[in-house]
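This report describes selected features of one protein structure.

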Amino acid sequence: FWADNPGETYTTPGHWADIAREQIAASGWSTPRATRALALVAIGLADSAIACWDTKYAYWILRPVTAIRNLAGYPFHDPNFLSFIPTPPFPAYTSGHSTFSGCSATLLEWLFPGGSVRDAFGIPVPFAVASAQAAVSRLFGGIHFRSDNDQGHRCGERIARLIIRRERAGGLR
């Protein structure tokens, strides 16, 4: 459900944009209100990408596959290790999935209080739970360390809170 592998399924921003679209469709909002909501989510996704990739290339933290295969002193050294999902060709820290998800879920909670999204099993879960599921999918997939997820998620939430604060103060201009 949270694979979000470009070319195979949604991208992570596309997945969250579609969740926003579903929420808007279910709410029956007017076109201007729906447009504003989609714009806020898009701004959050764009800012999340900038913050996340700036961090990735500021710190250059290796991926689990590199540590496990190549660091002989690493506790889980295995030169044949393969992650469960394809390992992207860029640094690990911070997790894009987590940053996008933390931001999107926080914005959607503000836009649709009490709203939910259906998870991989079709069960309605709060946006924060869906966000946590998206983030941990990368840990379980073997392409991120927990710190990548935790810090990415925090960053995304902070971006969303800034957007919300600016919107409450009269809108983003």
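The model is a predicted one, in which local features need pLDDT of at least 70 and side-chain atom pairs count only at pLDDT 80 or more, while totals for chains, interfaces and linings use all residues. Residues are numbered from 1 along each chain as its sequence is written, and side-chain values use heavy atoms, with hydrogens and water left out.

For Cys 52, too, the closest cysteine sulfur belongs to Cys 155, and the separation of 7.4 Å is too far for a bond. A disulfide is defined as a pair of cysteine sulfur atoms within 2.5 Å, and a search of the whole structure finds zero of them. Cys 103 is buried at 0% relative accessibility, and Cys 52 is likewise buried, with a relative accessible area of 0%. In these terms, buried means under 20% relative accessible area, exposed means over 50%, and partly exposed lies in between (1.4 Å probe, protein chains only).

## Salt bridges

The structure holds two salt bridges, a term that requires a side-chain nitrogen of Lys or Arg within 4 Å of a carboxyl oxygen of Asp or Glu. One of them joins the side chains of Arg 21 and Asp 18, with an N to O distance of 2.7 Å. Both residues belong to helix α1 (residues 12-27), where they are three residues apart, about one turn of the helix. Helices are DSSP runs (H or I, at least four residues), numbered from the N terminus. Arg 21 is partly exposed, with a relative accessible area of 43%, whereas Asp 18 is buried at 15%.

Arg 36 and Glu 167 also meet through their side chains in a salt bridge, at 2.7 Å from N to O. Arg 36 lies in helix α2 (residues 31-59) and Glu 167 in helix α6, so this pair ties together parts that are 131 residues apart in sequence. Arg 36 is partly exposed, with a relative accessible area of 38%, while Glu 167 counts as buried at 17% relative accessibility.

## Positive surface patch

Arg 154, Arg 158, Arg 161 and Arg 165 form a positive surface patch. Patches are made of residues with over 30% relative accessible area and no salt bridge; like charges are joined within 9 Å, and nonpolar side chains (Val, Leu, Ile, Met, Phe, Trp, Tyr) within 5 Å. Lys and Arg count as positive and Asp and Glu as negative, with His and the chain ends not counted. The place of a charge is taken as NZ of Lys, CZ of Arg, CG of Asp or CD of Glu. Accessible areas come from the Shrake-Rupley method with a 1.4 Å probe, and for residues only the protein chains shown count as cover.

Arg 161 is partly exposed, its relative accessible area being 41%.

## Backbone geometry in two loops

The peptide bond from Tyr 93 to Thr 94 is cis, with omega near 5 degrees. Thr 94 is found in the loop between α3 (64-70) and α4 (96-111), and counts as buried at 5% relative accessibility. Along the chain, Thr 94 and Thr 106 are 12 residues apart, and their C-alpha atoms are separated by 18 Å.

Trp 60 is found in the loop between α2 and α3. Its phi is near 50 degrees, a positive value in a residue other than glycine. Trp 60 is exposed, with a relative accessible area of 58%.

## Separations in sequence and space

Leu 40, in helix α2, is buried at 3% relative accessibility. Leu 40 and Gly 171 are 131 residues apart in sequence, with a C-alpha to C-alpha distance of 9.8 Å. Ser 98 lies in helix α4 and is buried at 0% relative accessibility. Between Ser 98 and Cys 155 the separation is 57 residues in sequence and 8.6 Å in space, C-alpha to C-alpha.

Ala 17 is placed in helix α1 and is partly exposed, with a relative accessible area of 28%. Ala 17 and Gly 156 are 139 residues apart in sequence and 15 Å apart in space, C-alpha to C-alpha.
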